[in-house]
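I set down here what I looked up in this structure, entry by entry. The overall fold comes before the individual residues.

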Amino acid sequence: MEVLISAMLPVALVALVGFGVGRSFELDMQTLTRLNIYALLPALVLTSLAETTLALGSAIAIVTSFLLNTVVLYLLAVGLSRRLDFSMDEQKSLIAIVMFSNVGNLGLPFILFALGEAGLERAVVYLVGSSVMIASVFPLVLKGAGLRAGLNVTLRLPVFWAALAGLGLQAAQGALPLPLARGMALLGEGAIPVALLTLGVQLARTELVFGRYELIGAVLRLGVAPLLAYGIGTAVGLQGLDRQVLVLQAAMPVAVNSLIWVTELGGDRVRVARTIVLSTFLSVVTLPVVLWLSSR
């Protein structure tokens, strides 16, 4: 419980500030979203990828397991959406909900406090895979306008080029000039707070009534995703701490940035905001259970 409080209380505090501001002022959600996507998030991805040290064998297995898990979750989201006759916006939102978990601002501190530095190193590997997926494939999938249109969206996003630059620096063991590195670090540090503030503003305008849709999204995100991750990780050959970190990251609640992307690329942002809140509340119960089960 102490781990959960340490990891989740700061997240809740920032979102609560955004909620208060959203109640007090009329803010443009599109402006907040674009500030994050086109300025802050690219800097965070660039610095994270450039500075990450990866143990190649474990890193490849963790990223491979993440990618396989993401593909299966995507197929589940599409299949369920069609079976339950969801609208296209509802389908896009469910895809965003189930594909990406809060592996950064909740997953990293949670795993650090629960599993120490060794766990954190592996959690960063997972974050890298998620960041690259968000920068490249996710806009294409969420846009839903065909391969060419999706690629055009992806190639116009600075976060995609930031991911490539970060990977290039990592491969070359290079570094940005110090003034540029400091500027990128300052921008990157703002990505998570602005995302949380945006969530709070959206929640201030959202009636928090949780129905079937939000419950389905939360169950897929908190229950199905970690079970799939365990099976896929085992099949890939992950064991011990590698598999435990994979399962824990897969068990995180819905990523706050899902709301950012749905707002920009299409989807039902009200349902996404509600599911973020519901899954985050429920994770207070589910994460300790997953942590205990994954350690056995």
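**Overall fold**

I read the chain along its sequence and noted the pattern α-α-α-α-α-α-α-α-α-α-α-α-α. The count is 13 helices and zero strands, where helices (H or I, at least four residues) and strands (E, at least two) are DSSP runs numbered from the N terminus. The radius of gyration is 18 Å, close to the 19 Å of the globule rule for 296 residues, so the chain is as compact as a globular protein of that length. That radius is taken over C-alpha atoms, and the rule is 2.2 Å times the number of residues to the power 0.38.

The model is predicted: local features need pLDDT of at least 70, side-chain atom pairs count only at pLDDT 80 or more, and totals for chains, interfaces and linings use all residues. Residues are numbered from 1 along each chain as its sequence is written, and side-chain values use heavy atoms, with hydrogens and water left out.

**Extent and burial**

I noted that the C-alpha trace spans about 45 × 45 × 45 Å along its principal axes. Buried residues make up 49% of the 296 residues; buried means under 20% relative accessible area, exposed over 50%, and partly exposed in between (1.4 Å probe, protein chains only). Of the contacts (heavy atoms within 4.5 Å) with a separation of 6 or more, 85% join residues 24 or more positions apart.

**Helix H11 and Gln244**

I then turned to H11, which covers residues 240-250 and contains Gln244. Nine of the 11 residues of H11 are buried, among them Arg243, Gln244 and Val245. How buried is Gln244? Its relative accessible area is 10%. I found that the side chain of Gln244 makes a polar contact with the side chain of Ser294 at 3.4 Å. A polar contact is a pair of N or O atoms within 3.5 Å; within protein, one must be able to donate a hydrogen and the other to accept it, and residues adjacent in sequence count only if both atoms are side-chain atoms. Not counting residues up to four places away in sequence, Gln244 touches Leu115, Leu291, Ser294 and Ser295.

**Helix H1 and Ala15**

My last entry concerns Ala15, found in helix H1 (residues 2-24). Ala15 is buried, with a relative accessible area of 13%. Leaving aside neighbours within four places in sequence, Ala15 is in contact with Leu196 and Gly200. I also recorded that Ala15 and Thr198 are 183 residues apart in sequence and 7.7 Å apart in space, C-alpha to C-alpha.
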